[in-house]
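Please keep the sequence and the structure in view while reading.

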Amino acid sequence: MTRIAAITINRPEDEVRRRWPGVEPKLPPLHGGVRLHPAPGGRGTEVRIPYEQGGIAQRLLAVTGRDRRRVLEDALRRFKQVLETGQVVRSEASPQGTDAARQRRRHPARPVQAP
Amino acid sequence: MRANCWMGRNTVEVREVPDPKILNDRDAVVRVTSTAICGSDLHLYDGYISAVRRGDILGHEFMGEVVETGPGVGNLSVGDRVVVPFPIACGACTSCTAGRYALCENTNPNAGMAEKLFGHSPAGVFGYSHLLGGYPGGQAEYVRVPFADVGPVKIESDLPDEKVLFLSDIFPTGYMGAEMCDITPGDVVAVWGAGPVGQFAIASARLLGAEKVVAIDRFDYRLAMAADRSGALTVNYEETDVQDALRDITAGRGPDACIDAVGMEAHSGFAPLHVYDRVKQAARLQTERGSALRQAIMSCRNGGTVSVVGVYGGFMDKFPVGSWMNRSITLRTGQCHVQRYTRDLLERVERGEIDPSFVVTHRLPLDRAPEGYETFKHKQDDCVKVVLSP
């Protein structure tokens with residue numbers, strides 16, 4: 001069954017289109033079915049990525065946050081953060097930024113050790 | 001550095017942890033000069049928020065001196081004195097530009113987790129579990145502050161810490177609670193909870209022109225503070241029936257607005273209801289104890305407003321939906337959009353309209369944070385607000 005991963009980005013459509021390649025490696029290319037549309041009421045740009053829901057394999061992957069849906073949603077969130085704020089937003093417990101696959105090995109909410 | 005860490009239910013310990021570093025270009029690192037324990041910290045302490053982990057640094061009410069800035073911070077310099085709002089906000093998303101900073105769309109790296117519980121994720125918050133980003137909190141010697149060019153407010157006067165610290169959370173929260181009531185002349189506002197947020201809600205309702213403000217609590221020393229500081233009428237719910245008292249005060253109409261400054265760990269004066277809520281909460285059949293909210297809705301006059309700033313986390317049982325719906329009650333709520341209020345409230349403090357330090361009853365060094373939590377939780381020694389100094 002086809003589902004949609006979607007996000008609204010508070011930037012104009014031409015900027016989203018221009019910056020799409022190269023910012024977020026886990027996003028499919030624009031010509032791979034990604035739909036962009038101006039958001040109503042000056043809210044920016046609507047982004048929709050269709051994907052196949054998949055079966056049991058996807059459900060098992062969902063336990064570790066590596067299913068298609070989570071990978072796409074997290075990638076969209078990171079892309080939005082870069083366009084709206086300049087960078088992927090990091091916390092000390094999630095220093096790599098939004099990534100569901102890293103949730104199980106979460107660092108406590110305290111500064112990371114110096115390398 | 002030393003920091004106060006959650007180590008289990010009813011357990012916090014001050015431990016040696018690494019110093020914070022700049023992780024994003026718009027970060028700053030702040031050396032904390034004063035920090036406080038919040039009523040919502042108690043939900044973490046009491047074990048009601050399951051997304052907290054052993055070792056998490058707590059605290060979201062803090063201020064201090066900027067000691068380092070990332071390359072993207074243009075408005076702050078090393079040495080600046082700042083108060084830091086508890087929600088972390090990017091300033092650029094649609095929510096932030098609309099002034100809804102506590103709903104920032106970008107600052108929760110664990111947004112997927114929050115979405116499962118809430119439907120959509122609110123903003124990241126300092127020191128408030130992994131559900132809200134896993135950011136270390138401010139009960140520490142140093143804190144990394146993301147988006148330092150958006151949140152922190154510079155203090156350029158020589159007002160002491162205690163007069164400005166509460167701009168980080170409880171003063172704007174109480175103020176927003178009162179503002180959501182849309183107070184018009186003649187209004188009677190009833191406030192459930194005379195803790196620090198309740199005290200500021202009461203004071204703010206006065207500032208915003210309420211005719212009468214009623215403080216509802218069971219601790220006489222807190223009711224006395226509300227009466228002395230803000231001229232509030234008081235109701236001790238263990239001695240008086242609240243709905244009867246409010247009918248008397250409003251000649252049968254009910255309060256025009258009701259503020260819930262209690263939240264999920266409400267205590268009920270009606271013993272069977274309190275037992276019901278506690279048992280269901282312990283059995284994880286509900287996550288909240290909602291007796292203050294229930295009573296606020298039932299007491300409110302027809303067509304009035306119930307303004308909720310007490311913190312809730314999940315799902316409550318027995319919500320009086322019939323009373324709410326059939327009587328045109330407006331229910332307004334939210335985590336405070338602190339950044340929206342800091343400048344205006346700082347000006348009010350500078351002009352002498354209000355001195356927020358009135359809620360401070362206990363001052364401790366950071367190393368005695370565990371003792372501070374116990375004193376605050378059990379309301380020992382007439383405790384209202386504990387301020388810690390690293």
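How many salt bridges does the structure hold over all chains? The total is 34, a salt bridge being a side-chain nitrogen of Lys or Arg within 4 Å of a carboxyl oxygen of Asp or Glu. The model is predicted: local features need pLDDT of at least 70 and side-chain atom pairs count only at pLDDT 80 or more, while totals for chains, interfaces and linings use all residues. Residues are numbered from 1 along each chain as its sequence is written, chains are lettered from A and ligands numbered from 1 in the order in which they are written, and side-chain values use heavy atoms, with hydrogens and water left out.

One salt bridge within chain A pairs Lys80(A) with Glu84(A), whose closest N and O atoms are 3.2 Å apart. Both residues belong to helix α3 (residues 68–85) of chain A and are four residues apart, about one turn of the helix. Helices (H or I, at least four residues) and strands (E, at least two) are DSSP runs, numbered from the N terminus. Lys80(A) and Glu84(A) are both buried, where buried means under 20% relative accessible area, exposed over 50%, and partly exposed in between (1.4 Å probe, protein chains only).

Attention now turns to Arg144(B). Its side chain meets that of Glu92(A) in a salt bridge, at 3.0 Å from N to O. Because Arg144(B) lies in strand β8 (residues 142–145) of chain B and Glu92(A) in the segment after α3 of chain A, this pair joins two chains. Arg144(B) is buried, at a relative accessible area of 2%, and Glu92(A) counts as buried at 3%. Arg144(B) also forms a salt bridge with Asp27(B), at 2.7 Å from N to O. Asp27(B) sits in the loop between β2 (11–16) and β3 (28–36) of chain B, so its pairing with Arg144(B) in β8 ties together parts that are 117 residues apart in sequence. Asp27(B) is buried, as is Arg144(B).

The two chains can next be viewed as a whole. In chain A, 31 residues are in contact (heavy atoms within 4.5 Å) with 40 residues of chain B. Across this interface there are three salt bridges. Glu115(B) and Arg77(A) form a salt bridge of 3.0 Å, N to O. On the side of chain A that touches chain B, α3(A) gives the most, with seven residues. Finally, Arg77(A) and Glu115(B) also belong to a network of salt bridges that links them with Arg69(A), Arg70(A), Glu73(A) and Asp74(A).
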